[in-house]
Amino acid sequence: MATLQSWRKAYGALKDTTKVGLANLNSDYKELDVAIVKATNHVECPPKERHFRKILAATSAVRPRADVAYCIHALARRLAKTHNWTVALKTLIVIHRALRDGDPTFREELLNFSQRARILQLSNFKDDSGPIAWDCSAWVRTYALFLEERLECFRVLKYDVESERLTKPAPGDDKGHSRFRDLESEELLEQLPALQQLLYRLIGCLPEGAAVSNYVIQYALALVLKESFKIYCAINDGIINLVDKFFEMPRHEAVKALEVYKRAGQQAGSLSDFYEVCRGLELARNFQFPSLREPPQSFLVTMEEYIREAPRVVTVSREPLVCFIPH
């Protein structure tokens, strides 16, 4: 088995070297092509920063949109052609980091590209080289689902939650809040479910089997974990806003709001379990995890009573009904 693994590594290195040589010979974008091959090579470690920075520079706002489109096409081609879980995972990491740290033009072009070809559709991806590769392949598929949902969430919200700057806290508050605290009912009921679906995909990113101890997967999981904090904050603010507006909603909106509220309670428990596992990650040792509280289940009875009586106006106390804010 060790001999087979050594042969596969040597073959992967040879393929990378060949691709770099071809890029140098044939491409008008040879520096970018070489950076992509080197950032997503067969070596089982996270993409090297210097190669990623070249990709980031090639997709910045000062570059022509054609350059950004070419980069996305090259990454898509890399994903489509590989049967190696390391190459696939490192390509996804490059895409994820470009979404997080890159210029908005990358996100916009990736969204445009994904509407023509589902670049992150990896449901059939599998590295058949052995049991370890099978476990890692499963996580690659899960990670791709999260990134695909992240893109869909951006399409619905029209902005990226991760890049949002929180509103300055009001006097007496110790933390700022997201724009979800100020949305109108119609926007809330469209955008909160999209954000909850993204959180569902995020919570599903826990690795299993041999993938648990793999360093490259832990590196990618730490990126996913970081995003959970702002997603949770936005959902939390949305639920507080939704409860505040609930007793002014017509029945059809109130029914939708009740389902969102119920799902928020379920997800708070699931996210708590997710955090419990992630606290053991070496890469997450300096992360500050929020304290999670489920929305009060007792309030569900009041909401259900209102729905039975809606659209008749119900007068209720304006005091806060939810304690759903991280400490």
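## Overall layout

How many helices and how many strands are there in the protein? There are 11 helices and 0 strands, where helices (H or I, at least four residues) and strands (E, at least two) are DSSP runs, numbered from the N terminus. Read along the sequence, the pattern is α-α-α-α-α-α-α-α-α-α-α.

A word on how to read this report. The model is predicted, so local features need pLDDT of at least 70 and side-chain atom pairs count only at pLDDT 80 or more, while totals for chains, interfaces and linings use all residues. Residues are numbered from 1 along each chain as its sequence is written, and side-chain values use heavy atoms, with hydrogens and water left out.

Of the 327 residues of the protein, 51% count as buried. Buried means under 20% relative accessible area, exposed means over 50%, and partly exposed is in between (1.4 Å probe, protein chains only). The accessible surface comes to about 16700 Å², and 52% of it belongs to carbon and sulfur atoms; such areas come from the Shrake-Rupley method with a 1.4 Å probe, and for residues only the protein chains shown count as cover.

Now for contacts, meaning heavy atoms within 4.5 Å. Among contacts between residues at least 6 apart in sequence, 77% join residues at least 24 apart.

## The nonpolar core

A nonpolar core is a set of buried Ala, Val, Leu, Ile, Met, Phe, Trp, Tyr and Cys residues joined through side-chain atoms within 4.5 Å. The largest one here has 98 residues, and Leu89, Tyr143 and Leu195 have the most contacts inside it. Helix 9 gives the largest share of this core, 16 residues.

Which residues does Leu195 contact, leaving aside its neighbours within four places in sequence? They are Cys153, Leu157, Val161, Phe180, Ile231, Ala234 and Ile235. Ile235 is also among the residues touched by Gln267, not counting residues up to four places away in sequence. Gln267 lies in helix 10 and is buried, with a relative accessible area of 8%.

## Aromatic pairs

Rings of Phe, Tyr and Trp (its six-membered ring) pair if their centres lie within 6.5 Å; planes under 30 degrees apart count as stacked, over 60 as edge-to-face and the rest as tilted. By this rule there are 12 aromatic pairs. In one of them, the rings of Phe229 and Phe289 have centres 5.8 Å apart and planes at 85°, so the pair is edge-to-face. Phe229 lies in helix 9 (residues 215-246) and Phe289 in the loop between helix 10 (251-278) and helix 11 (299-309), so the pair ties together parts that are 60 residues apart in sequence. Phe229 is partly exposed at 21% relative accessibility, whereas Phe289 is buried at 14%.

Phe229 and Phe289 belong to one aromatic cluster with Phe274, Tyr275 and Phe287. Phe289 also has a charge over its face: Arg279 lies at 4.7 Å from the ring centre. A charge sits over a ring if NZ of Lys or CZ of Arg is within 6 Å of the ring centre and within 35 degrees of the ring normal. Arg179 lies over the face of Tyr159 in this way, at 3.6 Å from the ring centre.

## Helix 11

The buried residues of helix 11 are Phe299, Leu300, Met303, Tyr306 and Ile307. Why do they line one face of the helix? Seen down the axis, they fall within an arc of 125°, taken from the directions from the helix axis to the C-beta atoms. These buried residues pack against helix 9 and helix 10.
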